[in-house]
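I opened the notebook to look up a few contacts. The entries below follow the order in which I checked them.

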Amino acid sequence: MPGPRGPMGRSFLTEEEKANRPKVTWPLLKRVLSYLAPYWKQMVLVIVAILVSSVLSLLPSILTGRIIDEGLIARNMNALIKYILLSLGVTLAANLIGVLQSYLNSWIAQHVTFDMRNSMYRKLQSMSQRFFTTNNQGDIIMRMTSDIDGVQSTITRTMTDILSNAITLIVAVILMYRQNWILATVGVIIIPLFTIPTRTAGKTRWNLTRESQECNDEINGILNETLSVSGQLLVKLFNKEEVEYERYEKVNEKMIRLNIRESMAGRWFRVIISTTASIGPMLLYLVGGIIMMRYDETLTVGGITVLVTLLNNMYRPVNQLLDFQVEWIRSMALFTRLFAYYDMEPEVQNKENALIPKTTIGTVTFDHVGFYYDPERQILKDINFYLPSGQCVAIVGPSGSGKSTLVNLIPRLYDVTEGAVLFDGIDVRDLDLNYLRSCVGIVSQETYLFNGTIRDNLLYAKPDATEAELIDACDQANILDFINKQELGFDTMVGNRGLKLSGGEKQRLSIARVLLKDPDVLIFDEATSSLDSISERKIQEAIDPLIEERTSILIAHRLSTILAADTILVVKDGIIVERGTHEELLAKDGVYKELYETQFTVRSKKPKE
Ligand code: ATP
């Protein structure tokens, strides 16, 4: 059936797409082709298959003329059967070649996207922390999924369609002119005219479809927000059930109205298409009839029928070729977006000839370290300290003073902007990144667990850990009792991001995970949220084996943690303002004392109250 392709009518550009037209340059095209290059043999086969099947699919139109003139009108049974069989055979052959072409096409597309997906995933994995904190997660995932899927349809559809439509049109026009030049000219003139109403109706429908898609997104947004675990909690606690229901009902009603309009527009669309599509052939019959009856007796009924059938075969290619520009712009925009991702340079990179020391001692030095995320705002200023092997330092300070930022510089989640962080006396930027990260373990404030079993999450740190090692780590991390109480033990599912566990349990599990990794330097970023005294004691007991004889840095929010450290660094506004032991700092009567009196004392006393 002629008309803009598909119910969604991808034939028009959105305002946004119009505004962001990509610049098509030769290097861009060359790069696109470079992805196809490994499959050039298959590409040649596809092109040959398209050529042959396009020509073959037009042959039955010519044979129809023979069936009518030499078979039916001449009353010749043999000729009739011969041309019918020939026509059927040609159609079958064209379709079989079409099958081969689709197979090859999707084979090429799948292989190209396989290559692109893998290299994109590797690229994303290599990106530094800043990339993930500044980019929207949805956008990143979209590059991996729908954008690369788009490449697939560019190969299987856009490229093949352009080629096969162009060939079909050229061959059809040649055949028409060979039949009768006057009728052929009439056909060539009317075809573009009849695509206008079809395209106009298509655009109206497309706009409606987009509107209803937006409405659908809104509905999904409401559902996601209000039916999620935390969303539901908020709704319930603020008594917002009725308000949310009304909001939902309103959008739902809008959706219904749009859907009805859309389906009616679809109905009218079909009326317009079938009417315009039938006017063309009728005009050809009329003009052909006039020529045949008044001016040219050599023009036969079969001849006119051939022209009409060829004309019918031209609607679709013409319409699709009119979409060519849109498809082209969209495909190029897609490749431009993807290439921009491929060209990103990870901020933190492994140096060439990076060092892998033979022995690890486990000392950490901050040498005049300065750091900022954005140049306008310095976060850390002139940080200096030396942490000998096996010692433990606690970092305390008000929220937002830069404690987490400071420790993130050690495993190079970010690189310093001034000074240097040294591990065993070597600038961390000179060390092999894998080596450095294998030496440093972090238990972060927000514990991340994968959706899997407790065992899966533990084995992530050490895939070859034995059952005894798992038990030992969990025992030290004070989580073994909890695991043993679960019906499935280590095979208990932790839920999405570990939601089925409490904050304290999650943190103890991640302590067990780090114990399995057995790093030389341990960083423990204590959760700020207050825990009850039992959980706090359990966590404290879990930390003790971790920091024993191991270089460790504790970002402490609780007195019990602070007291476990050898030295305390007090950070305020990105500067180390005080350092010393608990007693020394209390005696100073400065920032630490104030923190101690306002935060630590309150927190540690609270559970007992
Ligand atoms: P808390 O005790 O609350 O965890 P903190 O002392 O660990 O706080 P940091 O997380 O290091 O503080 O943050 C220090 C400052 O840097 C904050 O003002 C924060 O807003 C800013 N900051 C943290 N991460 C980023 C980031 N990825 N991009 C930009 N600014 C950031």
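How many salt bridges does a search of the whole structure find? I got 19 salt bridges, each a side-chain nitrogen of Lys or Arg within 4 Å of a carboxyl oxygen of Asp or Glu.

Ground rules next. I am working on a predicted model, in which local features need pLDDT of at least 70 and side-chain atom pairs count only at pLDDT 80 or more, while totals for chains, interfaces and linings use all residues. Residues are numbered from 1 along each chain as its sequence is written, and side-chain values use heavy atoms, with hydrogens and water left out.

**Entry: the domains**

I looked up the domain assignment, which is automatic or from a database. Domain 1 covers 17-179 + 316-347, and domain 2 covers 349-439 + 552-609. Their centres, taken over C-alpha atoms, are 57 Å apart. Seven residues from domain 1 and seven residues from domain 2 make the contact, where contact means heavy atoms within 4.5 Å.

I then checked the area. The two domains bury about 550 Å² between them, with 39% of it on carbon and sulfur atoms. Buried area here is the accessible area (1.4 Å probe) that two parts lose on being put together, summed over both. On the domain 1 side, Gln-129, Arg-130 and Glu-347 supply 75% of the area buried against domain 2, more than any other three residues.

What is the count of salt bridges between domain 1 and domain 2? I found zero. Polar contacts gave four residue pairs, both residues at pLDDT 80 or more. A polar contact is a pair of N or O atoms within 3.5 Å; within protein, one must be able to donate a hydrogen and the other to accept it, and residues adjacent in sequence count only if both atoms are side-chain atoms.

I went back to Glu-347 and Arg-130. They form a salt bridge, with the closest N and O atoms 2.9 Å apart. The two residues are 217 residues apart: Glu-347 is in the loop between helix H11 (324-342) and strand E1 (364-374), and Arg-130 is in helix H5 (residues 129-134). Helices (H or I, at least four residues) and strands (E, at least two) are DSSP runs, numbered from the N terminus. Glu-347 is partly exposed at 37% relative accessible area, and Arg-130 is partly exposed at 21%. The classes are buried under 20%, exposed over 50% and partly exposed in between (1.4 Å probe, protein chains only).

I noted Arg-455 with Asp-491 as well, a salt bridge at 3.2 Å, N to O. Arg-455 lies in helix H14 and Asp-491 in the loop between helix H16 (480-485) and helix H17 (503-517), so the pair ties together parts 36 residues apart in sequence. Asp-491 is partly exposed, at 37%.

Arg-429 and Asp-427 also meet in a salt bridge (2.9 Å, N to O). Arg-429 is partly exposed at 28%, whereas Asp-427 counts as buried at 15%. Last, I saw Arg-143, Asp-147 and Arg-337 linked in a network of salt bridges.

Is Leu-458 buried or exposed? Leu-458 is buried, at 1%, and is found in helix H14 (residues 454-459). Beyond four places away in sequence, I list its contacts as Leu-470, Cys-474, Phe-490, Leu-509, Ala-512, Arg-513 and Leu-516.

Arg-550 sits in the loop between helix H18 (533-547) and strand E8 (551-555). Arg-550 is buried, at 11%. Not counting residues up to four places away in sequence, Arg-550 touches several residues, including Gly-390, Gln-391 and Asp-518.
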